[in-house]
Amino acid sequence: MLKVEELEKMIDQTLLKPYVTDEELITFANEVKKYNFKTAAINNAPVETIKHVFEDTDILLDAAISFPLGQATIEAKVFEAQDVIDKGAGEIDYVVNVGKLKSKDYDYVLKEMKAMVEVCHKNNRICKVIFENCYLTDDEKRKLCEIALQTDIDFIKTSTGFGPSGATIDDVKLMKECVQDKIKIKAAGGIRSAEDALAFIEAGASRIGTSAGPKIIEEYKMMLYK
């Protein structure tokens with residue numbers, strides 16, 4: 001069984017809605033700090049608003065790039081990543097250009113991924129690529145895993161949480177089968193209970209993206225101590 005502290009450090013607690021106020025962001029940040037999650041996963045603009053909350057912690061700010069559609073140019077994605085890193089982001093989650101993948105322009109997808117890895121790694125930042133599996137066939141998911149294996153990407157991620165569906169156990173198993181232990185997997189989208197989180201971890205996920213982190217941890221404590 002995982003220790004509570006271990007599960008907390010597998011959670012990227014998210015707040016990605018476009019209408020969040022500064023007051024709500026500070027409340028969110030303090031909750032992330034209370035539970036000592038791995039990251040606070042947010043859009044770019046809020047990074048400067050809440051980074052001071054984490055100055056005395058090891059909690060990172062996880063910024064979403066080209067979110068949620070992934071339809072910016074490579075140059076724009078790289079600029080966006082560097083800009084938010086300069087402003088305090090500790091990890092980057094970027095959305096792949098799904099249209100280019102479905103067009104079978106694999107050279108473009110590889111070029112984009114390598115560019116994002118480069119900008120992150122030269123700044124000593126973790127880089128995660130969001131597949132948005134709800135739009136992909138299993139063959140396209142496998143192809144994207146193959147492309148990822150040609151780079152030094154740190155994580156492949158199931159979903160933005162903004163598509164018609166989120167993470168599935170089958171997708172995590174497929175991704176794990178493709179990349180084995182060479183790339184870590186982040187499951188995100190619709191994970192709202194301790195039972196769900198543990199199932200995704202069992203399937204191969206090393207990180208859980210969720211807006212329900214506190215609920216998951218409190219449920220897990222009940223499971224451990226009942």
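**Salt bridges and a helix crossing, term by term**

Biologist: Why is Asp-62 called buried?
Modeller: In this predicted model, Asp-62 has a relative accessible area of 2%. The cut-off for buried is under 20%, so Asp-62 counts as buried.

Biologist: What makes Lys-186 count as buried?
Modeller: Its relative accessibility is 0%, and the limit is under 20%; Lys-186 therefore counts as buried.

Biologist: How do you know that the side chains of Asp-62 and Lys-186 meet in a salt bridge?
Modeller: The distance from N to O is 3.4 Å. The criterion is a nitrogen of Lys or Arg within 4 Å of a carboxyl oxygen of Asp or Glu, so this pair qualifies. It links distant parts of the chain, with Asp-62 in strand E3 and Lys-186 in strand E7 (residues 184-188), 124 residues apart.

Biologist: Which residues are linked with them in a network of salt bridges?
Modeller: Besides Asp-62 and Lys-186, the network comprises Asp-12, Glu-91, Asp-93, Lys-128, Lys-157 and Arg-207.

Biologist: What makes the contact between the side chains of Asp-56 and Lys-33 a salt bridge?
Modeller: Here the distance from N to O is 3.3 Å, and the limit is within 4 Å, so the term applies. Asp-56 lies in the loop between helix H3 (47-50) and strand E3 (60-65), and Lys-33 in helix H2 (residues 22-35), so the pair ties together parts 23 residues apart in sequence.

Biologist: Why is Asp-56 called exposed, and why is Lys-33 called partly exposed?
Modeller: Exposed requires over 50%, and Asp-56 has a relative accessible area of 62%. Lys-33, with 31%, falls between the 20% and 50% limits and is therefore partly exposed.

Biologist: How do you know that Asp-138 and Lys-141 are separated by about one helical turn?
Modeller: They are 3 residues apart in helix H7 (residues 138-148), which means a separation of about one helical turn. Asp-138 is partly exposed at 38%, whereas Lys-141 is buried at 7%.

Biologist: Which residues make the contact?
Modeller: Tyr-106, Val-109, Leu-110 and Met-113 of H6 meet Lys-143, Leu-144, Ile-147 and Ala-148 of H7. These residues divide into 7 nonpolar, no polar and 1 charged.

Notes. Residues are numbered from 1 along each chain as its sequence is written. This is a predicted model: local features need pLDDT of at least 70, side-chain atom pairs count only at pLDDT 80 or more; totals for chains, interfaces and linings use all residues. Side-chain values use heavy atoms; hydrogens and water are left out. Helices (H or I, at least four residues) and strands (E, at least two) are DSSP runs, numbered from the N terminus. Buried means under 20% relative accessible area, exposed over 50%, partly exposed in between (1.4 Å probe, protein chains only). Contact means heavy atoms within 4.5 Å. Ala, Val, Leu, Ile, Met, Phe, Trp, Tyr, Cys and Pro count as nonpolar, Asp, Glu, Lys and Arg as charged, and the others, Gly among them, as polar.
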